[in-house]
Amino acid sequence: MRTLLITLIGIISCLTLENKRNRLILIANEINSNPNSTWTATTNFPEKLLEADYSTYFNISYDDPENITTLDSQPTYTKNFSSYPESLDLREKYPQCKSISLIRDQSSCGSCWAVSAAATISDRLCISSNLKDQTILSSADLVSCCKMCGMGCNGGFLLPTWYYYVLKGIVTGGEYDSKYGCMPYPFQKCNHHSEGSYPNCSDLHYETPKCTSTCTNDYEKSYKDDKIKGKTAYQVKGEEAMIKELNENGSVQLAFIVYEDFMTYKSGVYKHTTGKKLGGHAVRLIGYGVENSVKYWLIANSWNDNWGVKGTFKIIRGENNCQIESMGVAGLVSSSTIGTTEI
């Protein structure tokens, strides 16, 4: 009886994976066969990648500003909007800022909210210091210790994370297995809905690390002394506000709604076409432009650089597609003690 039960479970699992593969292939074929499509979908879905639990990744909780009593306002910029460039890539504008080109990896932990926040703030530290401050802030510190931000590896909020940065501060820390900073990221890189040299994320599962007030790395500062605090935290909504913010202060943290067709993204300017809603995801906005007469946002994801276009994707701009233009967050930073350039 036990052998029969195990066999039946295996058959059901195989059928489920096959159904999932067939559904994604149908979605990809619909996109690729559309002559008006602005993007290309992949039809390569290895079995291990089909086993991924989407709820692990798409668990952003949308912020309710009414629950935040000290909401700051986005700064007022006097420059005429028409004077901003038609396109911008912060990696090209600030090549000395190593954090901007760094594609982080959240691993098999629902920490996109923390990873993209720490990355965005690190970018802003470098830009605001005239490229002198190369500090990399710790995603791990947010995941493990910011209780007001959310549920660690089980999702979080954007605005409370930035307020935590203002009120409590964040310590330094590089990627997994890094010797940089007070608290490097504790989880290894893995393949997110793509093939690569890392383990498959579906084979890994991590719980939220326990909060500790000591550095997990061999570091010259104490946890308390390594904290870096921000000045303000505010929402950034709408195409014009987002373009102004990018040009004036740097990267912006965004949240957007993920649909099934996004899981097939390969290249081009993504626009939601078909498929059911999977949840919310947080990312880092690093630019904008126009491709084949289609306006786009340039986004850095947190699934390492073997996903998408070297870890990035483009999404259509000006249409609030997937609510990408309604859930932006940023803030003014305070320069840290100048960090080392080793990441």
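Predicted model: local features only at pLDDT ≥ 70, side-chain atom pairs only at ≥ 80, totals over all residues.
Residues are numbered from 1 along each chain as its sequence is written, and side-chain values use heavy atoms, with hydrogens and water left out.

Overall picture. I find 9 helices and 9 strands in the protein chain; these are DSSP runs numbered from the N terminus, helices being H or I with at least four residues and strands E with at least two. Taking contact as heavy atoms within 4.5 Å, I see that residues 24 or more positions apart account for 74% of the contacts with a separation of 6 or more.

Helix α5. I checked the 17 residues of helix α5 (residues 112-128), which at 1.5 Å a residue should span 24 Å, and the end C-alpha atoms are 24 Å apart, which agrees; the expected span is 1.5 Å times one less than the number of residues. Just after α5, I find N130 with a positive phi of about 60°.

Strand β5 and its partners. I then turned to the strands, which pair if DSSP finds at least two bridges between them. Strand β1 (residues 39-41) pairs with β5 in the antiparallel sense over 3 bridges, and W39 stands opposite G268 in β5. Strands β5 and β8 run parallel and are joined by 2 bridges, with Y270 opposite I315 in β8.

Aromatic rings. How many aromatic pairs does the structure hold? I count 19, where rings of Phe, Tyr and Trp (its six-membered ring) pair if their centres lie within 6.5 Å, and planes under 30 degrees apart count as stacked, over 60 as edge-to-face and the rest as tilted. The rings of Y265 and F313 have centres 6.1 Å apart and planes at 70°, so I record the pair as edge-to-face. This pair links distant parts of the chain, since Y265 is in strand β5 (residues 265-270) and F313 in strand β8 (residues 312-316), 48 residues apart. Both Y265 and F313 are buried. The pair of Y288 and W297 is also edge-to-face, because the centres are 6.4 Å apart and the planes stand at 75°; both of these residues are buried. I also find a cluster linked by ring pairs, with W39, Y265, Y270 and F313 among its members.

Charges over rings. A charge sits over a ring if NZ of Lys or CZ of Arg is within 6 Å of the ring centre and within 35 degrees of the ring normal. I find the charged end of K314 over the ring of Y296, 4.5 Å from its centre, and the charged end of R317 over the ring of W297, 5.7 Å from its centre.

Two single residues. L26, found in helix α1 (residues 2-32), counts as exposed at 60% relative accessibility.

How values were computed:
Buried < 20%, exposed > 50% of the residue type's maximum accessible area, 1.4 Å probe, protein only.
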